[in-house]
Amino acid sequence: MSGERIASLAIVGRPNVGKSTLFNRLAGKPLAMVDDRPGVTRDRREARGRLGDLDLRLVDTAGYEDKETGIEVRMRQQTEIALAEADVCLFLIDGREGVTALDQRFGELLRRASKPVILLVNKAEGRQGEDGVIEAWNLGLGEPIPISAAHGEGMGDLYQAVRAALGEAGIDDGPTPESDEEEGAPLRIAVAGRPNVGKSTLINALIGQERLITGPEAGLTRDAIAVDWLWDGQRVRLHDTAGLRKRGKVDDRLERMSAADTLRAIKFAEIVLLLVDAEHPLEKQDLNIADRVESEGRGLIVLVTKWDLVADKAAKLAELREKFERLLPQVRGAPLIPVSSLTGFGLDKIMPTVIALHKNWSVKVKTRDLNDWLAEMVARHPPPAVDGKRIRPKYMAQTKARPPTFVLMASRAGKLPDSYKRYLVNGLREAFELPGVPIRLIVKAGKNPYADKG
């Protein structure tokens, strides 16, 4: 039955009890980063998951800590929002460590909540977690369920408990809503840039809520967090990513995992918003990220953040446009928008620009128009002769879109200079109005009918 609401499960507990491991198991893939260090998860991450025949919306949360200052306060606020929005809470404790004082304080909070709570004792494989299971009864949250998120043990008991809790919450476990494919997949946008450039702040400003943790500390975001949003009737999935530093400066395993997650988000996005700091714009790492976006064939929009701090705005914008076109000719014409998440300046221009760029990124050019254009380009500037012999372009066709990819058939294709390929690519971009769109041009030689004959 289409449109029925899917049940939401929030996975909660203190740091390093295995919440992200359980989240990944229920999601069926390694979406959340897992490490032995506590506090890896900071923002709440959401995904669709499945337990038996139950389709679920899973929410992974930051480890709950009762500190009153610092980033832990913002992490706890995100966890409390997840608790408020969930239908059922899965409360994890570590069976090997037993019930801690922090578990007890969190248990008191959950007992006061008007939500079904399922108490899970993780890392209980073999006999190692038996004492933890016995201790867990003292939390007053009903019968504890021993599981091993890492090894998949106890999933049958968890399934029965979730079904019962959904019934208690008055949620039907019948037909599930339509999938992304049936509804039409959302437009995927990755938000990338160097650390502390304002990526999470921008997303919060766009969607109008404090969905992601922000602050002056660099490197707050670790996972690439997906945020679903509806803009003017268009389903959008925004991917907040970890800031990318120069590879030589990355010596921490967690940061390497974050960087890999960011690069994966760029690879599977359709459009990438590259944020650059107005006070330190277009540094080498910004250009490296832009080049990576182009090499992956994604549409690129450059957002110059913290624009409210710029004094001479007109001169600064002209300088940035000239520098960007000069240093990254392969994405010539990519939109460059000054924005301020603090004042809201320029935010209204982002999504119309995204939609226009996405349309160009998906364009299909008629073969006849392509070949009329090719004849004009060759007449205006023929390919140079190599070794005294002419290279003759014959015809061109578009083989795919997203990004637009063209095949040029030519004699002596392997000898066509890169400068002439750039001439054709720039001509395609100008003639068919494809500013900022990565264009692929493949040059092939036609088969020689006499090549295989003796």
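Visitor: In this predicted model, which handedness does the β-α-β unit made by S11, H10 and S12 have?

Guide: Strand S11 (residues 299–305) and S12 pair in the parallel sense over three bridges. Helix H10 (residues 313–327) lies across both strands, at about 155 degrees to S12. The unit formed by S11, H10 and S12 is right-handed.

Visitor: Which residue of S12 is the bridge partner of Val 302?

Guide: Two positions illustrate the pairing of S11 with S12. Val 304 stands opposite Pro 338 in S12. For Val 302, the bridge partner in S12 is Leu 336.

Visitor: Through which helix does the chain cross from S10 to S11?

Guide: Strands S10 and S11 run parallel and are joined by seven bridges. Leu 275 stands opposite Leu 303 in S11. The β-α-β crossover from S10 to S11 is right-handed, and the helix it passes through is H9 (residues 284–295).

Visitor: Why is S11 largely enclosed by the rest of the structure?

Guide: In a regular strand, side chains alternate between the two faces of the sheet. On one side of S11, Gly 299, Ile 301, Leu 303 and Thr 305 are buried, and on the other Leu 300, Val 302 and Val 304 are buried as well. S11 is therefore largely enclosed, the count of its buried residues being seven of the seven.

Visitor: Which strands form the edges of the open sheet?

Guide: The six strands follow the order S8-S9-S7-S10-S11-S12, with mixed pairing. An edge strand here pairs on one side only, and the two that do so are S8 (225–231) and S12 (336–338).

Methods:
Residues are numbered from 1 along each chain as its sequence is written. This is a predicted model: local features need pLDDT of at least 70, side-chain atom pairs count only at pLDDT 80 or more; totals for chains, interfaces and linings use all residues. Side-chain values use heavy atoms; hydrogens and water are left out. Two strands pair if DSSP finds at least two bridges between them. Helices (H or I, at least four residues) and strands (E, at least two) are DSSP runs, numbered from the N terminus. Contact means heavy atoms within 4.5 Å. Axes are lines fitted to C-alpha atoms, for helices over the stretch in contact, and angles run from 0 to 180 degrees between N-to-C directions. Buried means under 20% relative accessible area, exposed over 50%, partly exposed in between (1.4 Å probe, protein chains only). A crossover is right-handed if, with the strands pointing away from the viewer, the path from the first strand over the helix to the second runs clockwise.
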